[in-house]
Amino acid sequence: MKDDPIRRPRATEEDWLKAAHEVLTVSGVEAVKIMPLAKRLGLTRTGFYWHFKDRDALLEAMVRRWEDKNTGNLVARCDAYAESICEAVFNLFDCWLDDALFDSRLDLAIRNWARNDPALQRRLDRADDLRKAAMQSMFLRFGYDPTEAEIRALTMIYTQIGYFSMQLEEDRDERFSRMPAYVEVFTGRKPTAAALRRFYARHGHGDQNA
């Protein structure tokens with residue numbers, strides 16, 4: 001009696017989402033199509049329908065993931081405990097250094113996609129409003145007046161969007177070396193050595209004796 005042939009495990013929903021993410025961030029939403037994704041995974045398109053009703057359902061799942069991860073984590077880092085505004089901004093900087101908290105490639109892809117999708121643009125606008133409100137609240141928490149808090153929040157938002165859009169490849173040590181100055185520019189206050197040490201330690205950066 002012959003053994004049953006070894007069957008390849010069916011791709012999971014996460015497999016399809018990861019494949020779609022790679023295509024979206026490299027080639028744009030127009031390239032996210034079921035058959036090419038199936039070929040990418042070495043499968044037939046039938047497996048796709050175990051997890052998603054259609055292509056629109058896959059696209060919606062990616063947008064929800066972006067909302068939950070990028071905006072959700074950014075708001076959470078703004079709300080995190082901090083002893084000073086400088087430390088609060090360092091908490092926010094965690095998003096720019098940890099891909100598990102914030103996916104910059106996906107954020108740029110969503111912004112490009114939204115240019116030709118009014119419904120997505122409205123969701124992007126809501127996300128940006130939430131991010132702005134979280135950053136502004138962070139400054140208000142430390143005594144900045146509302147107008148100044150709003151301007152400082154917008155300065156950080158526009159700076160970071162520009163950084164992502166330019167797709168800069170910056171040496172990690174060089175980036176860390178600039179962050180204390182960035183914090184001082186964004187807050188108008190110089191970070192303490194203790195705040196710097198906690199930030200560096202959180203990211204395993206070597207210069208923890210600052």
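In this predicted model, the side chain of aspartate 94 forms a polar contact with the side chain of histidine 203, at 2.6 Å. Aspartate 94 sits in helix α4, which spans residues 85–97. Its relative accessibility is 3%, so aspartate 94 counts as buried, the cut-off being under 20%. Leaving aside residues up to four places away in sequence, aspartate 94 touches Arg77, Leu101, Phe199, Arg202 and His203.

Helix α4 also carries phenylalanine 90 and phenylalanine 93; because they are three residues apart in this helix, about one helical turn separates them. Both phenylalanine 90 and phenylalanine 93 are buried.

The aromatic side chains can be followed from here. Across the whole structure, a search finds 13 aromatic pairs. In the pair of phenylalanine 90 and phenylalanine 93, the ring centres are 6.2 Å apart and the planes stand at 80 degrees, so the pair is edge-to-face. The rings of tryptophan 96 and phenylalanine 102 have centres 5.1 Å apart and planes at 90 degrees, so this pair is edge-to-face. Tryptophan 96 and phenylalanine 102 are both buried. Ring pairs also join Phe90, Phe93, Phe176, Phe186, Phe199 and Tyr200 into a cluster. Phe199, a member of that cluster, is one of the residues that aspartate 94 touches.

Two annotated spans remain. An unreviewed UniProt entry places the feature "domain: HTH tetR-type" at residues 10–70. Over those residues the chain is 64% helix and 0% strand, with the end C-alpha atoms 29 Å apart. The feature "DNA-binding region" is placed by UniProt, in an unreviewed entry, at residues 33–52. Residues 33–52 are 40% helix and 0% strand, and their end C-alpha atoms lie 13 Å apart.

Technical notes: Residues numbered from 1 in each chain as written. Predicted model: local features only at pLDDT ≥ 70, side-chain atom pairs only at ≥ 80, totals over all residues. Heavy atoms only, no water. UniProt positions renumbered as here; feature names shortened; annotations may be inferred. Helix = DSSP H or I, 4+ residues; strand = E, 2+ residues; numbered from the N terminus. Buried < 20%, exposed > 50% of the residue type's maximum accessible area, 1.4 Å probe, protein only. Polar contact = N/O pair within 3.5 Å; in protein donor to acceptor, adjacent residues only side chain to side chain. Contact = heavy atoms within 4.5 Å. Phe/Tyr/Trp six-rings, centres within 6.5 Å; stacked < 30°, edge-to-face > 60°.
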